[in-house]
Amino acid sequence: MMKPSDFVRWFRGSSPYIHAHRGKTFVIYFGGEALGDPRFADLVHDFALLNSLGVRLVLVHGIRPQIDSRLARQGCQAQYQNGLRITDRAALECVKEAAGTVRVEIEALFSTGVANSPMAGARVRVASGNFVTAKPVGVRDGVDFQHTGEVRRVDAEGLNAVLARGDVALLSAVGYSPTGEIFNLRSEQVATAAAIALKADKLLLLTEEECLSLREDRLLRQITTAEARALLGEADTLAPEVAPHLKAAVQACEAGVGRAHVLDRHIDGAILLELFTRDGVGTLVSRAPFETLRAALVQDVPGILDLLRPLEQKGVLVTRSRERLESDIGDYTVIERDGMIVGCAALHRFPEARMGELACLALHDDYRGENRGERLLAHIEGKAVAMGFERLFVLTTQTAHWFRERGFEPAEVADLPETRRAAYNPRRNSKVLIKSL
């Protein structure tokens, strides 16, 4: 059982995300496999929670296993070519039946409101309809895909009207042509097209597998679209089940969707963990890096102060006032992670001695490791070289060995520039280390 203090800390930590997500448009995809999971009701409860927090929600569901099971009961063989279903007349009837059944089941779960249930008191309206216009895939490599189609257009105006009412929009893998034909579509394509048409803030793809790097056997936590394209172009780097979803994420982000998230749906509460915690549990895809190292701005001062305060209280760093930080802000470099300052360092200049001082190197406790300290140091060294400095010095009371391991050598107070030597505080007895550049 969660301790009250842990709950309070978590709830307070989630409040910035609650504010940030309110009024934003999220498109969420989940495959037909999710509907057969006994925990699917929990996922619907999470959708309802997002709706109650003011998120404009578009859900796109798949129906592949439901279609295949209906075909099997009729003694028909599911036909695929290059991963795409060939939808003949018999398969189309199964598509229509599966889409209708699944829609009704989802609507029923959103209608649950009995006492002592997560949906108690909720009033969630679900709207579905002919929002997707489709066209036939046609004949490819001599294969007629018949009633299999592609998204031609998504009715963004109609969907926005639904979302403006506070309703949840529900889309299936079915599209309609202006001539009245019905086409079976890939649900990932529907979700991507809807996100692009709506200029959605996020596209979330709930998958059957984690987005792992097979070569390194690790979860890809953050990745740019350029990095994702490089991975998709290499063989044996991603699980075959994951590649289409990562490709959809890239397509969405490059077409203007703010961010895409690839999540393992088997993680209980995956959507909530991804959206309301800083590091999430899935793979974040964006055009620009999620974490950036950049020059500090005046508006970063509160974040830098929050970062430095624990180290100042321990005596690791000298206390710096807001006024001093603001006046020296041009000396600072920060690492920003999703709007939070998680690292900083400063380069104070002593051009008369052709020396620079590396000061205020600090990292948030939760983000130590992963070479962030080395990145800041390398950046400061590069700045110092560009300014024509020959040496870089640092004063430290507790991290001398870290700097020694990175090329700094012990020195004396007398080796410091004259103006810095005059400001040296003998009561702190800081170690002086110098590195030639």
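Start by selecting β24 and β25 (residues 431-436): 3 bridges join these two strands, which run antiparallel. Strands here are DSSP E runs of at least two residues and helices are H or I runs of at least four, numbered from the N terminus; two strands pair if DSSP finds at least two bridges between them. Click on P410 and look across to β25, where the bridge partner is L433.

Before moving on, note that this is a predicted model, where local features need pLDDT of at least 70, side-chain atom pairs count only at pLDDT 80 or more, and totals for chains, interfaces and linings use all residues. Residues are numbered from 1 along each chain as its sequence is written, and side-chain values use heavy atoms, with hydrogens and water left out.

Now widen the selection to the whole sheet. It is open, has 7 strands with mixed pairing, and runs in the order β19-β20-β21-β22-β23-β25-β24. At the edges sit β19 (291-295) and β24 (409-411), each pairing on one side only. From one strand to the next, the twist averages 25°.

Pick out β17 (residues 259-264) and β18 (residues 283-286), an antiparallel pair with 3 bridges; A260 has V285 in β18 as its bridge partner.

Now show helices α3 (residues 40-52) and α5 (residues 89-110), whose axes come within 9 Å and cross at roughly 65°. For side chains, select F40, A41, V44, F47 and A48 in α3, which meet I106, L109 and F110 in α5.

Last, the cysteines. How many disulfides are there? The count is 0, where a disulfide is a pair of cysteine sulfur atoms within 2.5 Å. Select C94: its closest cysteine sulfur, in C76, is 6.7 Å away, too far for a bond. Then try C360, whose sulfur lies 4.3 Å from that of C344, also too far.

Note on methods
Axes fitted to C-alpha atoms, helices over the stretch in contact; angles between N-to-C directions. Contact = heavy atoms within 4.5 Å.
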